[in-house]
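Q: I'd like to learn how to read the sheet, the helix packing and the cores in a model like this one. Can you walk me through it?

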Amino acid sequence: MNNKKRFEVSSSYEPAGDQITAIKELSASINAKNRYNTLLGVTGSGKTYTMAKVIENVQKPTLIMTHNKTLAAQLYSEFKQFFPNNHVEYFISYYDYYQPEAYIPRQDLFIEKDSSINAELERLRLSTTASLLSFDDVIVVASVSANYGLGSPEEYKSMVQKLELGFEYSQKSLLLKLVEMGYKRNDKFFDRADFRVNGDVIDIFPAYFEDEYIKIEFFGDEVEAISKIEYLSNKKLQDLKEVTIYAVNPFVVSNEKLEIARKKIEDELGQRLNYYEKEDQMIERHRLKQRVEFDLEMLESTGMCKGIENYSRHLTGKKEGEMPYSLIDYFKEIDEDFLLIVDESHVSLPQFRGMYAGDRSRKEVLVEYGFRLPSALDNRPLRFEEFIKKSPFYLFVSATPNELELELSSVVAKQIIRPTGLLDPIIELKKSTHQVESLHDEIKKVVAKGDKVLVTVLTKKMAEDLSTYYLSLGVKVKYLHSDIDAIERNQIIRGLRLGEFDVLIGINLLREGLDIPETSLVAILDADKEGFLRSQTALIQTMGRASRNVNGRVILYANRMTNSMQSAIDITNERRKVQEAYNKKHNITPKSTTRAIDANLKSEEYDDLAWKKNKLDKMPASERQKILVEIKKKMKKAAQDLNFEEAIRLRDEIEKIKKI
């Protein structure tokens, strides 16, 4: 038997402080078949490294889930570095913008589904599913998307085309199979999910490949050569003995199963139309008949339709109300004994809990008023009780785990000590009566030292008004709240680190995932307004934003001491004592965390080749192709570096040029 490890961490760093015990306890518990475990780790204690070492010790394929895309991107980048020799994948929603379809009966207003798909994120999702069906050393970092319904992994695995050197294949049958798998022929502008034919040579660009395609050379019907070619330069990268091509979409099914699904959809439509007729709901009847019949025509002619996921129950053969397939089912294809890590579990688990009810409420209205068949209700996220029992092993990770995690877990490993020696921030209490003026004085002191300030308030209006007021006083400040989209949010956070401004004001968005070591002051206004935003958990998380700076401190503006405040202060002070004792014992002098600012954070103006001096419509096609190749190369580089906003901009420019 081969004893080579599937997963091996690559890092010059060695476990230190509480990491040593936490890694040992968690690994032993999982290996002992304990299903639920928790890592209680303070901010800056190296929880990500501990997670990586646990994966290495237990040797299990791992799904890491978190509650937002920003955190997922950060974790993906870190795990790619920790496991350079494994298949580390990224699975988040592929929409840059998504407005789900909805109907508001009171206003008789139907909101059509509107979305903008990010091609690179779509590729990464397909790369994830393909890797899970091809390799046994996969680590996937995912957002809540992993809880939503997907196509059947068994069907996706069957919808493949394997080609081997020296074997005979009918070229005509191969091309028909590629079309059935969702690929389209494109001899003019060859791109992802396309194939092209030139005599006895067939080029296939798998939907999940980044910048390579597969060249198949035939001699008659025999495969004479298989090679992997770099897309931009057409340079041969590798000769292959065999290759497996997967479908372009997890919902693609064989023609035989598609015909069965179409029949089931037709039957359900007939039943629903009869229902509306009996209830004398002729508007709803007409609405549903028109929509579903159009979808059926599209399925018959192309194998796909807009909103195909709403027919997933029929396509996957599931029964009414049965749990849909999700990304977790794809893990079961490679190993029944996989590990599921929930990062920032105190936020992620409640979010997972609320997903089903929100989705169900919206779709029930659509079904009632004839916009969707009842089977659309089975295109849904997992219920929480389904999710929490879906994986054989769970590891919850948080600085402030909820009662649920603690009650479920066989082991709660505590990681309080920071190997860097950094202490939890000093907490100061100030009256909130004149908090705006007092905070202004504190900001001036911090900014004079070159540090940054994070401020949390209770409402969007206060975030905006306070920013306007401080701007009038000469403070370089910006605000952040839920009305600001994800791309702009990332740009604002980057701008703070780059020194474009000094103070960031927000609401609860400042609690998790903000790794800004330049922050030496966190100010919490109205800290005594007890509730969700000022709970013990929220206060500890917020205060933790100052724990990466040796001068970190927190000011709580309040006129009274609440139970949440007292508890958060006690926990923070106790952690300071533990760290101080560790530092003294090991002669450690605390130093601020440092994190290099990626070059991609710089706001570089792209030299717009497409529009600079020439009019594209008068350019020779060959020149336009050169421009496209150059822009596409920059787009791929931006996407590789997770600089998705730049990749999106370049993608849109490519689309403009392709339409000419």
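A: Happy to, and let's begin with a term. A nonpolar core is a set of buried Ala, Val, Leu, Ile, Met, Phe, Trp, Tyr and Cys residues joined through side-chain atoms within 4.5 Å. Keep in mind that this is a predicted model.

Q: How many residues are in the largest nonpolar core, and which have the most contacts inside it?

A: The largest one holds 72 residues, and Tyr183 and Phe387 have the most contacts within it. Another core, of 34 residues, lies apart from that one; Ile64, Ala72, Ile139 and Val141 are among its members.

Q: On to the sheet. What is the order of the strands, and is the pairing parallel or antiparallel?

A: The general idea is that strands of a sheet pair through backbone hydrogen bonds, either parallel or antiparallel. Here you have an open sheet of 7 strands with parallel pairing, and reading across it gives β3-β8-β2-β17-β18-β1-β19. At the edges sit β3 (87-91) and β19 (411-415), each with pairing on one side only. From one strand to the next, the twist averages 15°.

Q: Where does helix α2 pack, and which strands does α2 touch?

A: Helix α2 (residues 47-58) packs on the sheet, with contacts to β1, β2 (62-65), β8 (138-142), β17 (339-343), β18 (393-398) and β19. The direction of α2 makes about 175° with that of β17.

Q: Can we zoom in on one strand pair? How many bridges join β1 to β19?

A: Strand β1 (residues 36-41) runs parallel to β19, and 5 bridges join the two. To find your place in that pair, look for Thr38, which stands opposite Val412 in β19.

Q: And helix against helix: at what angle do α2 and α3 pack?

A: Two packed helices are described by the angle between their axes and the distance between the axes. For α2 and helix α3 (residues 69-82), the angle is about 50° and the axes are 11 Å apart. So α2 counts as oblique to α3, and their crossing is right-handed. On the α2 side the contact comes from Thr48, Tyr49, Met51, Ala52 and Ile55, and on the α3 side from Leu75, Glu78, Phe79 and Phe82.

Definitions and conventions. Residues numbered from 1 in each chain as written. Predicted model: local features only at pLDDT ≥ 70, side-chain atom pairs only at ≥ 80, totals over all residues. Heavy atoms only, no water. Pairing = 2+ DSSP bridges. Helix = DSSP H or I, 4+ residues; strand = E, 2+ residues; numbered from the N terminus. Axes fitted to C-alpha atoms, helices over the stretch in contact; angles between N-to-C directions. Contact = heavy atoms within 4.5 Å. Buried < 20%, exposed > 50% of the residue type's maximum accessible area, 1.4 Å probe, protein only. Parallel < 35°, antiparallel > 145°, perpendicular 65-115°, else oblique. Left-handed = near helix turned anticlockwise from the far one by under 90°.
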